[in-house]
Amino acid sequence: MDNHKIALQILDGVGGKENISGLTHCFTRLRFVLKDESKASTDKVSSIEGVIQVVEASGQFQVVLGNKVEAIYDEIMPLLGTTETENDEQDKKVGIGTKILNVVTAIFTPTIPAIAASGMLKGILAVAALIGLNVYHVDIKTFNTYIILNAASDALFYFMPVILARSAAKVFKTNEYIAMTLGATLCYPTLVELMTGNKAVTLFGIGITKANYVSSVVPIIIAVFVLAYVEKFVKKIMPDVLKIIMVPTLSLLIMVPATLMIFGPIGIYIGNAVNWAYHYIMNLSPILLGAFVGGIWCVLVIFGAHRAIIPIGINDVAKTGRQNLLAFAGAANFSQAGAALGVFLKTKNKNLKTVAASATVTALFGITEPAIYGANLRLKKPMVYAVISGALGGALMGWGGSYGNAFANQGVLTIPVYASAGTKAFVCYILGCLIAFGGACILTVILGFNDLPSDAAPAEKNSSKTDQIEDNQGENPTKTIDEDLVADDCDLSVNSPVEGKTIPLAQVSDEVFASGVLGKGVAVQPTSGKILAPADATVSMIYPTLHAVGLILDSGIEMMIHIGIDTVKLNGKYFEKHVQDGDHLKKGQLLVSFDMQKIEQAGYDLTTTVVVTNSKNYAAIGSTNKNNVTNNDQLLYLLSNS
């Protein structure tokens with residue numbers, strides 16, 4: 001499937017362009033801020049070709065796509081057209097912490113490629129300088145070529161206020177060029193000389209706080225935030241005939257003094273306070289800080305929360321020319337690669353082995369989401385091994401004083417960035433990465449995990465003589481096969497999660513399920529208010545209203561069990577859950593119980609649909625024609641694609 005079609009399907013899955021309040025992307029995932037989250041279908045988006053995983057966290061609907069994310073993003077943006085993305089009532093429900101995290105993510109995400117490029121260039125120059133000095137006994141730092149390339153690697157950080165002004169202006173919806181002019185003012189050589197000189201500085205006769213805003217991060221973000229409100233106010237009071245000239249003029253006349261007198265110093269103090277806290281912990285125990293970041297970094301990646309602490313590393317490089325945050329985070333990345341390699345070596349499942357192999361390679365180059373979602377988090381135990389190993393590697397780096405001379409994505413290509421720290425620090429960095437990688441791999445292989453089945457078990461014979469099978473590839477795919485052919489031809493079977501009377505999916509009164517758009521399956525009119533696990537499985541999602549459960553069976557089948565029609569309106573009333581998201585279940589384990597009598601008295605249809613949400617992965621899906629089923633009866637038969 002081409003990227004344009006994937007973009008259209010994702011857009012449809014999140015509820016259409018009218019439901020999108022904001023959209024950004026990072027290295028591997030699209031990050032949607034939705035106006036109404038109930039309009040988005042996790043299962044629908046998860047089943048789209050190319051989608052690795054869907055994560056709902058930090059007020060965002062995150063679609064993990066791996067290396068295709070930028071191409072899909074570029075396809076989606078034109079489709080959004082001029083759709084308004086102003087905050088609405090949905091945004092008011094998001095906590096202040098989540099709002100701040102989303103803003104930080106949106107501001108810094110566009111700068112990451114340039115930051116990574118600068119870091120890579122800095123690493124190449126570091127290696128060249130070491131080789132020149134130690135092998136050829138020549139100091140290449142005096143060469144014009146080195147000076148020019150070094151300027152290219154430092155320019156981003158020197159002019160950080162200008163760079164961040166643009167991305168902040170896009171987030172706060174104000175004039176990008178006025179914002180960039182404000183940022184450039186802070187970096188203007190004459191002003192820098194004035195602010196770093198020995199004499200007092202005044203503005204309109206009023207003394208101002210002296211500070212060097214070159215390479216600063218927080219002041220310009222605060223200034224652009226205020227600029228957005230100043231611009232709106234000036235536009236409101238200014239006659240239309242004067243707006244084109246006077247709005248930008250007054251915006252600058254107001255914001256330059258306000259930034260230098262008020263918001264700039266506040267930003268400097270905030271930035272200094274955050275960095276003080278980080279380095280206080282570092283000075284207190286670098287081993288503890290290294291272990292914490294090395295262990296928890298990839299857990300933060302799952303929720304996108306790692307973006308909140310990235311400015312610490314950026315600010316360190318800008319101010320001191322070095323950072324250790326990403327050194328410790330490098331241990332986390334290598335641990336994910338090691339755990340994925342362990343899964344590759346240990347698993348007997350061919351599909352999982354393929355996923356783990358490719359995820360190992362991408363994690364070694366600094367992109368960990370395929371390893372996290374495709375293998376480690378999916379199997380749970382490898383994720384635990386990675387956290388432990390990453391913490392050990394980070395602790396060693398902290399003990400050795402490892403740091404990098406650039407802000408660079410953590411992977412094999414950026415190892416030279418950490419060479420300038422000195423022999424001990426660099427050796428500890430290398431050993432930390434090896435411990436993280438090797439430890440996670442060895443723990444995964446030796447201690448193991450609950451592997452996915454290597455070969456699907458043949459379906460058990462059912463007492464019925466005929467079963468209805470739906471072939472996914474035809475217009476009218478239903479055909480009748482007898483019981484022996486089911487056992488011979490279909491390599492998977494699933495027991496019924498609920499007891500009751502079976503109903504063809506097409507006869508369900510909910511058009512979405514009846515049309516099969518969510519997947520092939522069958523419905524059951526329950527005679528018992530209990531939903532049991534139809535097989536060994538992992539809970540992919542329990543909806544907050546408890547009316548629906550998503551499962552990923554160990555056999556690879558992805559399933560949704562939807563209890564009743566429109567029962568979402570009950571908001572969980574009369575339902576009780578007995579498991580949590582992410583729990584691994586044994587066959588027959590109780591998932592959800594519900595009060596049938598009270599739900600029916602409330603006027604709701606209890607017809608329960610059981611659909612395979614990744615139906616496209618199977619050549620055929622059939623359902624029993626037994627009129628009544630128990631939890632011990634087979635409900636669905638599946639034929640894998642050959």
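**Helix geometry, helix packing and an open antiparallel sheet**

Helix α15, spanning residues 325–346, contains 22 residues and extends 32 Å from its first C-alpha to its last, close to the 32 Å expected at 1.5 Å a residue, where the expected span is 1.5 Å times one less than the number of residues. Helices (H or I, at least four residues) and strands (E, at least two) are taken as DSSP runs numbered from the N terminus. The structure is a predicted model, in which local features need pLDDT of at least 70 and side-chain atom pairs count only at pLDDT 80 or more, while totals for chains, interfaces and linings use all residues. Residues are numbered from 1 along each chain as its sequence is written, and side-chain values use heavy atoms, with hydrogens and water left out.

The protein chain has 22 helices and 22 strands. Of its 642 residues, 51% are buried, a term that denotes under 20% relative accessible area, with exposed meaning over 50% and partly exposed in between (1.4 Å probe, protein chains only). Helix α15 is mostly covered, with 18 of its 22 residues buried. Among the contacts in the protein chain with a separation of 6 or more, 73% link residues 24 or more positions apart, contact meaning heavy atoms within 4.5 Å.

Two packed helices are described by the angle between their axes and the distance between the axes. For helix α8 (residues 160–172) and helix α11 (residues 218–237), the axes come within 9 Å and cross at roughly 35 degrees; axes are lines fitted to C-alpha atoms, for helices over the stretch in contact, and angles run from 0 to 180 degrees between N-to-C directions. The contact is formed by Pro161, Leu164, Ala165, Ala168, Ala169 and Phe172 of α8 together with Ile220, Ile221, Val224, Phe225 and Ala228 of α11. By class, this contact has eleven nonpolar, no polar and no charged residues, with Ala, Val, Leu, Ile, Met, Phe, Trp, Tyr, Cys and Pro counted as nonpolar, Asp, Glu, Lys and Arg as charged, and the others, Gly among them, as polar.

Eight strands form an open sheet in the order β17-β13-β14-β15-β19-β11-β10-β21, with antiparallel pairing; two strands pair if DSSP finds at least two bridges between them. The edge strands, each pairing on one side only, are β17 (584–585) and β21. Strand β10 (residues 500–504) is joined by two bridges to the antiparallel strand β21 (residues 628–629), with Lys501 opposite Asn628. Five bridges join β10 to strand β11 (residues 520–526), also in an antiparallel arrangement, and Gly500 stands opposite Pro526 in β11.
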